Amino acid sequence: MPAARPKKESNSATPPSDDAHLKESHSENSKSKRKRQSQSCDACRARKVRCARENPDDPKQSCKHCITLGIPCTYDYQPKKRGPPNLYLRRLQEAAAAAAANQTDNQNDLEASSSPVSIASPPQSIVSPILGPKSPPSFLETPLNSLPQVSSVPIPPSRYPIAADTYHPHYSSSSSLPSSSSYNGRSSEAATNGNSLLHSHPSPKNEDSQQYSSPSEQFSTYPLYNWSYKQQQMHPVPHPTTVPPLSYYYRGRRLEEIAPRDTISLIIALFFDFVYPLTPCIHKPSFMADLHARREERDPLFFALVMSTVASTLVQVPRSYLPMERPVVRKLAQTCHEASRHISIASYDPPTSMHVVIRYFDCIYHFCEGHDATQHAAFGEAAHIAVTLRMHEEASYDGLDPIECEVRRRTFWLLFGADKSMSILLGRPICLRDEDCTVHFPKELDDEYITPSAYLPQPHGKTALVSGLNYISRIFALLGEILVRIRVDKRSPPQGQFATARLEEVQSLHTRILSALSHAPEPLRLKQSHSQQHLPPEYGGAGFRQATFAEVKDFFDNPNASRANALNPFLVMQANLYVTQQLVRFVIEQYRDELVMSLQGNLDEQQVAEDREVVASDLLNILHSIPIQSIATNGPSLVHKVRFVASTLLDAVRKAETAPASAARAHAYLWDFLSILSEIERNYLLDDDRDGTSSGDGMMVG
């Protein structure tokens with residue numbers, strides 16, 4: 001140990017040898033070589049080969065590989081910072097880049113959105129695109145610069161309490177809405193064969209993927225994989241859960257976004273001419289005044305009302321009255337319904353009578369289009385909103401202005417009648433029971449005599465159109481009474497004196513239904529051409545069918561055909577009143593016979609057959625006493641009522657062994673007439689695929 005220390009000291013004291021110099025120079029050379037090696041050119045770095053240059057210290061000199069390949073030798077590579085990527089910084093950078101791009105591409109939209117935004121309004125990053133070309137506005141898109149500010153437009157007094165008068169903070173004004181190009185990327189275009197009256201709409205398959213920017217693009221907590229790829233895309237791929245809030249759709253719109261205003265005005269005029277007498281749930285003077293003042297551009301719910309009115313009218317008027325092809329009519333009706341639904345579904349609270357009218361019209365639209373489940377869903381909404389407003393209670397009308405009172409009453413009794421029709425024709429439970437209703441019938445005044453402040457007297461001798469609704473409501477009330485008794489007794493059949501008491505009630509209902517129209521005003525009274533017990537030969541046969549089919553074809557296909565009978569609202573209401581009366585009478589007589597059978601154990605088959613013959617004869621006389629054009633204006637609903645009675649009567653005649661020949665003839669005539677009604681029903685179909693199922697010789701369809 002002592003010897004080692006001096007050796008170390010002596011070694012350290014001696015000057016370095018040549019070997020030491022060689023080692024130091026070698027280590028320095030290796031370090032410099034490793035340092036220079038990190039300066040490989042971009043091509044060699046990509047190919048992962050050694051970069052060789054004559055003079056490594058000259059950065060302008062090309063390496064041998066680049067010279068051989070004839071490519072530029074560059075040194076642009078910047079080494080990455082070690083460690084995991086800073087995702088937070090990356091998101092901030094992305095958000096800044098997106099905001100800059102959005103500001104450049106949507107400068108006009110940002111100027112229109114410069115006013116204060118409601119707290120609950122949808123974020124701009126969710127409902128408007130970050131990048132992408134603008135598309136022209138379509139049926140649910142409104143350029144913001146074309147919409148007036150809500151606060152700057154005076155709203156005239158009107159019969160409907162509109163949302164524009166009491167705007168809710170969670171419904172943003174037009175200034176806080178996204179740009180017109182941000183809704184689904186839809187574009188409007190004109191088409192041929194009348195399509196210029198309607199904006200076409202592409203299928204929504206690829207719409208959302210092109211317009212809505214994903215929230216993950218800015219503030220997501222999920223990592224952005226493949227970031228470099230996303231930076232190169234013009235349209236960022238959206239997050240699958242990106243959906244605009246319902247309040248986004250709740251905004252005023254221009255009618256021109258759906259169809260030319262003249263076309264909408266034509267359809268509204270057809271509504272008041274042909275549909276309104278049967279469904280008078282709109283106050284015409286105030287409605288037309290609001291339409292003229294363009295209230296729909298300020299009040300979203302009024303826009304929805306106009307759209308639902310148009311949609312239900314298009315499926316109820318003869319196609320010859322519209323200067324459009326059938327597929328175009330159907331597309332326009334669908335577009336109007338969807339435009340209304342987008343708004344109405346976002347505005348249930350607080351409920352108004354306008355909600356009920358909208359959903360009632362939607363129910364009619366779906367009924368005529370054959371959407372059974374959707375029809376009943378719409379009716380359920382209308383009925384339950386009406387009950388929520390307590391429209392079935394007379395006490396709830398205190399403090400309302402006359403127009404609102406009458407609109408509510410009319411709408412409720414329309415729902416009441418529809419409820420009873422569906423109950424008897426489809427076997428559904430009764431929703432609106434008569435014993436729960438205390439509301440009065442509407443006042444028999446025409447709309448021009450109902451003002452926001454007072455009821456004006458109806459001129460003497462002038463029958464109000466709403467009188468038809470009042471009389472049909474009384475008939476439906478009787479139908480409700482018999483249906484309740486039938487269903488209660490089916491669950492717990494009456495015995496003994498209870499069955500006798502029930503029979504007396506049913507006989508009282510029978511007397512009431514026969515006299516239900518005896519006091520109807522003169523315009524609503526039926527002018528029968530033959531006695532009830534006499535059926536002339538011209539009521540049936542091939543000649544009658546051919547002549548009537550020709551009238552039906554002329555009514556639906558000839559734009560120049562006479563419209564006098566169809567424009568007579570009282571003739572149209574006569575068909576509905578008297579056919580419905582016979583339907584209720586038939587139901588009452590059926591149950592009366594069942595009670596007699598349960599009490600006595602047998603029935604007088606001859607009497608039953610005669611009763612059925614009287615019903616068939618009366619129904620035929622009614623149908624032959626009213627012009628076929630007036631019957632056709634009632635649409636498919638009347639056909640369903642006649643079919644219900646005719647099919648049941650025919651079945652009874654087939655089962656009866658002692659049915660007289662006159663009864664068989666009456667039912668045969670009725671069946672002939674039903675084939676004509678089925679032809680009328682077919683002409684209301686807007687689907688060409690179902691158009692070829694009719695037969696011109698009068699065979700019943702479906």
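Trainee: At what angle do helix α13 (residues 326-344) and helix α14 (residues 353-369) pack?

Mentor: This is a predicted model, where local features need pLDDT of at least 70, side-chain atom pairs count only at pLDDT 80 or more, and totals for chains, interfaces and linings use all residues. Residues are numbered from 1 along each chain as its sequence is written, and side-chain values use heavy atoms, leaving out hydrogens and water. Helices are DSSP runs (H or I, at least four residues) numbered from the N terminus, their axes are lines fitted to C-alpha atoms over the stretch in contact, and angles run from 0 to 180 degrees between N-to-C directions. The axes of α13 and α14 are 11 Å apart, and their angle is about 145°.

Trainee: What is the angle between the ring planes of Trp413 and Phe441?

Mentor: Rings pair if their centres lie within 6.5 Å, with planes under 30 degrees apart counted as stacked, over 60 as edge-to-face and the rest as tilted. The centres of Trp413 and Phe441 are 4.6 Å apart and the pair is tilted, with a plane angle of 40°.

Trainee: How many residues apart in sequence are the parts that Phe556 and Tyr684 tie together?

Mentor: These rings form an edge-to-face pair, 5.3 Å centre to centre with 85° between the planes. Phe556 belongs to helix α19 (residues 542-557) and Tyr684 to the segment after α25 (661-683), so the parts tied together are separated in sequence by 128 residues.

Trainee: Is Arg592 buried or exposed?

Mentor: Buried means under 20% relative accessible area, exposed over 50%, and partly exposed in between (1.4 Å probe, protein chains only). Arg592, in helix α21 (residues 569-600), has 15% relative accessibility and therefore counts as buried.

Key:
Helices (H or I, at least four residues) and strands (E, at least two) are DSSP runs, numbered from the N terminus. Rings of Phe, Tyr and Trp (its six-membered ring) pair if their centres lie within 6.5 Å; planes under 30 degrees apart count as stacked, over 60 as edge-to-face and the rest as tilted.
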